[in-house]
Amino acid sequence: MRILIVNKFLYPNGGSETYIFKIGQQLQKMGHEVQYFGMEHENRIVGNRVESYTRNMNLKDMKLNKILYPFQIIYSSEARKKIRLVLDDFQPDVVHLNNFNFQLTPSILYEIRKYEEQTGRHVRILYTAHDSQLVCPNHLMQNPITGQRCTKCMEKNAWCCVQGKCIHGSTVQSILAAFEHTLYRNLKTYRRIDQIICPSQFMQERLATDSVLKPRLILLRNFADMETSDGSQKKDYVFYFGRYSEEKGIRTLLKVCRNLPEIPFVFAGSGDLENLVNAAPNVENVGFLSGEALSRKIAEARFTIFPSECYENCPFSVMESVLNAAPVIGTNAGGVPELIEEGKTGELFQAGDDEELTQKVKALWQDRKRCEKYAENCKTVHFDTLEEYCEKLCGLYKGE
């Protein structure tokens with residue numbers, strides 16, 4: 001098969017980029033042809049044969065013409081023209097969409113179907129829902145000002161986004177996002193997508209609130225592609241790895257660290273709140289880790305903590321902990337409870353509740369036998385490998 005993977009960022013930037021690079025490599029190993037379409041960027045590491053990309057747009061810090069700005073993030077004629085060049089050259093059997101709203105815009109869906117009609121070549125369109133963008137204008141289901149999780153746009157309408165200033169705290173940007181959301185919902189644009197891959201049951205339920213999306217949804221949890229260190233000897237520390245940012249619950253976790261000065265914590269990552277992490281007396285900040293170094297650090301921990309305060313989808317961090325026989329204390333929100341068997345491979349707590357988390361951490365730290373039992377239970381859990389995941393993906397590409 002010829003597979004065109006679409007994502008606005010074509011350089012390492014986050015979880016969705018890790019996803020597209022890994023599935024692309026695996027699909028090529030399986031004998032398929034893979035090309036990519038998205039924005040041009042100096043750090044781009046994948047692409048297409050005709051070198052056709054849209055110009056880079058940074059919505060948080062850009063100096064676009066104020067007159068053109070609303071049109072560029074709602075409907076991109078540039079993206080239509082550029083993707084058409086790729087379609088004509090590559091002639092894909094499948095277009096696998098990932099993050100495309102605001103930079104590439106849903107305009108590309110119209111061009112893909114136009115190409116199909118003009119050439120007579122059937123193109124199957126799939127979309128992986130890395131977040132809730134299709135039902136939530138700010139894609140996080142969280143108000144950036146109050147930090148409160150929110151599903152108002154699904155329950156009422158997208159203009160709730162304006163009331164909450166949900167796009168970067170800006171009324172203007174929130175109006176544009178609400179308009180974009182309402183426009184494409186009214187036009188039923190997403191009917192042009194054949195199937196929507198939901199990495200969690202939670203995301204499937206959220207997207208099912210839209211009648212156009214509901215019949216296209218299928219549950220396929222993320223793969224876990226990581227070298228494991230199951231044989232590592234446990235050491236005396238509690239481990240957190242990920243971004244040091246507000247929505248990841250770092251402030252709450254640091255309160256817990258202060259409440260439990262007798263417990264050593266190790267943090268691996270980076271982010272806006274790194275200064276706060278470095279100031280905690282019982283926290284060792286080892287910086288960003290990956291590969292074998294990360295898996296070893298996970299495996300040697302007594303247990304890990306996943307304190308995220310936003311609605312997570314299917315976080316790789318939780319799966320990586322379990323695969324490395326590290327029990328997880330995680331938030332009881334989003335797709336996290338689907339990955340942790342409470343009382344078997346870890347514990348759950350109410351997101352943002354530092355008192356409950358303190359109690360959970362203290363109790364598990366003091367009960368070494370229970371911690372060891374959880375670690376043994378982790379070894380029996382299976383998540384799809386990258387190879388298994390891509391086999392299932394190919395079935396979806398074929399419409400099976």
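A residue is called buried when its relative accessible area is under 20%, exposed when that area is over 50%, and partly exposed in between, using a 1.4 Å probe and protein chains only. By this definition Arg121 is partly exposed, because its relative accessible area is 25%. The structure is a predicted model, in which local features need pLDDT of at least 70 and side-chain atom pairs count only at pLDDT 80 or more, while totals for chains, interfaces and linings use all residues. Residues are numbered from 1 along each chain as its sequence is written, and side-chain values use heavy atoms, with hydrogens and water left out.

Helices (H or I, at least four residues) and strands (E, at least two) are DSSP runs numbered from the N terminus, and Arg121 is placed in the loop between H4 and strand E4 (124-128). Contact means heavy atoms within 4.5 Å; apart from neighbours within four places in sequence, Arg121 is in contact with Arg2, Gln91, Asp93, Tyr115 and Glu116. A polar atom of the Arg121 side chain lies 3.4 Å from the backbone oxygen of Gln91. Between Arg121 and Lys373 there are 55 Å in space, C-alpha to C-alpha, and 252 residues in sequence.

Arg84 belongs to helix H3 (residues 77-90). With a relative accessible area of 16%, Arg84 is buried. Leaving aside neighbours within four places in sequence, its contacts are Glu111, Lys114, Tyr115 and Gln118. A polar contact is a pair of N or O atoms within 3.5 Å; within protein, one must be able to donate a hydrogen and the other to accept it, and residues adjacent in sequence count only if both atoms are side-chain atoms. The side chains of Arg84 and Gln118 are joined by such a contact of 2.8 Å.

Gln103 lies in the loop between strand E3 (94-97) and helix H4 (107-119). Gln103 is buried, because its relative accessible area is 5%. A polar contact of 3.1 Å links its side chain with that of Lys8.

The aromatic residues come next. Rings of Phe, Tyr and Trp (its six-membered ring) pair if their centres lie within 6.5 Å; planes under 30 degrees apart count as stacked, over 60 as edge-to-face and the rest as tilted. Twelve aromatic pairs are found in the whole structure. The ring centres of Tyr240 and Tyr244 are 6.4 Å apart and their planes stand at 35°, so this pair is tilted. Tyr240 is buried at 3% relative accessibility, and Tyr244 is buried at 0%. One aromatic cluster is formed by Tyr19, Phe223, Phe316 and Tyr389.

In helix H11 (residues 291-300), the buried residues are Leu294, Ser295, Ile298, Ala299 and Glu300. Their cover includes strand E7 (238-243), strand E10 (303-306) and helix H12 (316-323).

Lys379 is located in the loop between H14 and helix H15 (386-397). Because its relative accessibility is 44%, Lys379 counts as partly exposed. Its side chain makes a polar contact of 3.1 Å with the side chain of Glu376. The C-alpha atoms of Lys379 and Met39 are separated by 41 Å, although the two are 340 residues apart along the chain.
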